[in-house]
Amino acid sequence: MQLKKVRSTSVGVAWGLVTMLALLVAAYGGKEATAADIASEQKWKQLVADAKAEGQVNMIIGNRLGKDWEPILAVFEGKYGIKIRYITGSSTKLSDRTLAERRAGSYEWDIMLGSPRRLRDRFQAANALREVEPLLIDPNVTDNSLWAKGRKWWYDTDTKKYILMQTAKISLWPQSPWFNTELLSVDEAKRIDSLWEFVKPEWRGKIVAGPPLPAAGAGDMSASHPDYGKEWAMKFMDPKHEVLWIENVRLLADSLARGKRAVAINLGKASRDLRKLRKLGLPVDEFQNHTTLAKTAMMSVGGGQPQFGALTKAPHPRAAQLFLNWIFSKEGQTTRQTLLGDGAEPNPTLRVDGVPRGKVVDLGVPDAKGEVYWDRATPELAKQADGFMKWARQTWKQLYRR
Amino acid sequence: MAPTARVDRLAGGEWLANNARVHRGTFVMAAILVVLGFYLIWPVILLLVNSFNIARDVFVGPAEWGLDNWRVAFREPGLIKSILNTFLIWGLVLSISFPLAILISWTIARTRIPFSNALEVMFWVSFMLPGISTTIGWIGLLEPNWGALNLGLRSLPFFGGNEGPFNIFSIPGIVWAHLIGNGISFKVILLTPAFRNMDASLEEAAKVSGASELKTMVRVTIPLMASPIILVLALQLLRIFQSFETEQLLGTPFGFFVYSTLIFDLVRDIPPRYGAATVLASITLIIVAFIIPVQRWMLQRRLYTTIAAGFKPGLVNLGQWKWIVFGLITVLVVLLTLAPVAQLILQSFMTRAGYFDIHPTFTLSHWSKVLTDSFFLSALGNTIILAITAAILSPLLFSFLAYVLVRTRWRGRVLLDLIIWGSGAVPGMLSGLGLLWLFIGTPGFNALYGTLFALLIVVVIQGNTTGVNVAKGTFVQIGQEMEEAARVAGAGWFRTYFRIWIPLLMPTLLLLAVLNFTFAANTTSSIILLADAGTQTLSIMALEYASPGTGLWEEASIISVIIMVLTLGPAVAARVFGLKFGLRHS
């Protein structure tokens, strides 16, 4: 009992000490948090004031997506009263033009929204990109816990400074193959659980595919995926396999919808067209709506959607900074997923703080929670993918341009 | 005039006058060579110099010089096959279109065929239609599985199977697309004015000597037309390695590719390999080196004057054949114009072009999308400004250059000829880059960069190879004595120009006006790198809509229809005006 009392007294004293300590820590910490908050708020107010004083952001929008981004940009314009002037068109042409301007000492643009590969291989290589991390001051953006796997995702996997990713393309199938439902029943489609199936002789002359060339956005023939590789690609590209190669996205989608071939692979931007055809009631569907791969699904970070790069020597650096803070915020990503025009297809954000799905297609995978099945955003895999794309392109040309 | 008297006069005041004229001519020619040469050749030189820049990206980092591009470019897979394919398509298109175009031009210009003016205008309409849009339209008809015409034919008892009978994705399909595109119409609109300039008395003389209509055409008319015929051939040859979009669209599905496909592959690489692409494109300069001496030799070996002081216009009577010929040309005109125009309009209202089995089949949404595009109105305005400026200034500039080349003896004419032909040798996908470098990196020009003035300069001068040579062809046909008579009668150079040259040149000037209006309204590759947010044009919008990675064919069709309507009005007006004031046959 005594012991119990002593114990009880000791526990009481201990609790008292702990409580006091906790209060002290809380009071001290709270004071510091408030100061940080105030500093942060002041910084933010200053940024908004500076940005409004600049009054404009000049933006390059590649992949011909200007019109699709207009509603999103309009929200930013309405909120801050800052005008966004943009030019849109082919990413290659816009990159050529901007890099040539910069070499001649003309710096007209603040931000480029375009293919992350072009941003990395051309703009970063030309030292034309600002480091993004120091530009982000909104706690709603800087807090890593709000992003998939508790970290930021960078396309420049070596440096992790310049191309902060907002989205990832998540697919249960590499290349997201489609099929014609009149030529291949859903039950038959359900039995297929690997791309290896499509290199079997019974699929000869039944597949249409985009060649591994950059124009139509057709990708890397899946060979940088750990389950496939060059061996699979060589079998698939073998002329004896009689794959119908079509570069034009429209003709590629039509070939499947019209039943010219039963399966379409390596679609690039043609998958967007196929979704339109499915909506119109044509007999096309995605394998991943019915079946999952037996092995590894894929999360391709950076693929499929343009990403942002902040340009050095920008004429409106503060307005550009404000825009980046906004677009990476929950509000910005919500606006993107909700208002992106029909010409583009929004990939899911890498934020994990409950951004509404909006127009993002439900793939039945836990994308928003940041589950990653196979992450290509590592320096090794990024290099491997680049090397593979070169190999695939050259090999395809050797085989089909003899 | 006796030789002695001539020497005496030359020894006197006229020698001084001639000498002064020579000096003035030298000065004018020097000015032309410096200004035009710089504008036309400097971009080519920049491209060629950069072909030795072996840096990974010519826009990034310091230049590295070497021969790697020249070594690597000619090792591109499929080089030999691509050249053979190029010649195959070119040869087939030329062998069909060329005789056909000569026959049609002769018929329209030199015979009493009904509605000849309307037929000629229809060939202009055909020329104005953007090739890529008409090809897309023909895919909708001749795709082997689901093409509307193939489906219709297969529903007939004597056709069966699931494919054909036609297949647009084949070599005949590509040839067809070229012929129907502007393979025939371009030649007809270039040759018709030349045939119209024929002096009927020459043909009458042949007939008086007992020659039949056919023999007269073969032995008199066509040899006299050698100058424009050679020109059309040369222009076709110059563009042999530039034809690209049709082959890209129709050839890839059956593994067919041409030389320009290889250039395109290099240009779209990441980063683009412009150096190697320039190396491949430079092969066209060899063709230029061949064209110029041949053309000069052909023009110098005999006289092609068909419009002299005693010019007698006149038309050949075809008798009962005129209705048969009229019927045949009308069928061709329908294929060239009405069919593709109808397809363009139809597909612009379809939910999905070529799909009649979906609901709703028709929609206004594509029109709504295009007309509400934030760039549309400014693009429309820019296009009109560019096209009208080109239509007014280009004919004046090109006819002046042609006059200098044909009517003067100023030194430097060969160099000027070389510059004009050489500038046409660079394919569009590279010339745009050359112009970008010119406008960005040249003091004076850089002030224009990003403005509509830069685009105006480009569109006014861009058709120079065709324009100057067409005007040259007309000057060659017009006799010297008419100008001399005017001068003897006391007319000064300007009065002679406006009272003699303008009426004689009117059909050609109007042809050049319409050609350059059309070029300017449809131009893409030469201005795409120069057009800023505020200086977009309709043609660039159409290109973005129809690009292989976008595939918005319905929207592209709408822009094509709008450009066609824009172009058609001035073309018809020009035609009517030309008939009123130019040379007329009755």
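Guide: Let us begin with Pro360(B), which is found in the loop between α17 and α18 (365–371) of chain B; helices here are DSSP runs of H or I of at least four residues and strands are runs of E of at least two, numbered from the N terminus. Residues are numbered from 1 along each chain as its sequence is written, while chains are lettered from A and ligands numbered from 1 in the order in which they are written. This is a predicted model, in which local features need pLDDT of at least 70, side-chain atom pairs count only at pLDDT 80 or more and totals for chains, interfaces and linings use all residues, and side-chain values use heavy atoms, with hydrogens and water left out.

Visitor: What kind of peptide bond joins His359(B) and Pro360(B)?

Guide: The bond between them is cis, with omega at about 0 degrees.

Visitor: Why does Trp321(B) count as exposed?

Guide: The relative accessibility of Trp321(B) is 58%, and exposed means over 50%, buried under 20% and partly exposed in between (1.4 Å probe, protein chains only), so Trp321(B) counts as exposed. Trp321(B) lies in helix α17 (residues 321–348) of chain B, and its C-alpha atom is 9.1 Å from that of Ile113(B), although 208 residues separate the two along the chain.

Visitor: What makes the phi of Asn127(A) worth a remark?

Guide: That phi is near 55 degrees, a positive value in a residue other than glycine. Asn127(A) sits in the loop between α4 (116–124) and α5 (139–142) of chain A, and with 64% relative accessibility it counts as exposed. In chain B, Phe115(B) has a positive phi of about 55 degrees although it is not a glycine, and its place is the loop between α4 (79–110) and α5 (116–128).

Visitor: Which strands are the edge strands of the sheet in chain A, and what makes them so?

Guide: The open sheet has four strands in the order β2-β1-β3-β11, with mixed pairing, where two strands pair if DSSP finds at least two bridges between them. Strands β2 (83–88) and β11 (307–310) of chain A each pair on one side only, and these are the edge strands. Between β1(A) and β2(A) there are six bridges in the parallel sense, with Arg85(A) as the partner of Asn58(A).

Visitor: How do you know the hand of the crossover from β1(A) through α2(A) to β2(A)?

Guide: A crossover is right-handed if, with the strands pointing away from the viewer, the path from the first strand over the helix to the second runs clockwise, and this β-α-β crossover is right-handed.

Visitor: What makes the meeting of Asp532(B) and Arg97(A) a salt bridge?

Guide: The term asks for a side-chain nitrogen of Lys or Arg within 4 Å of a carboxyl oxygen of Asp or Glu. The side chains of Asp532(B) and Arg97(A) come to 3.6 Å, N to O, and so form a salt bridge by that rule. Across the interface of chain A and chain B the rule finds 10 salt bridges.

Visitor: How much area do chain A and chain B bury between them?

Guide: The figure is about 5,400 Å², 53% of it on carbon and sulfur atoms; buried area is the accessible area (1.4 Å probe) that two parts lose on being put together, summed over both. In chain A, Arg250(A), Arg258(A) and Arg401(A) lose the most area to chain B, together 15% of what that side buries. Counted by contact, which means heavy atoms within 4.5 Å, 57 residues of chain A touch 66 residues of chain B.
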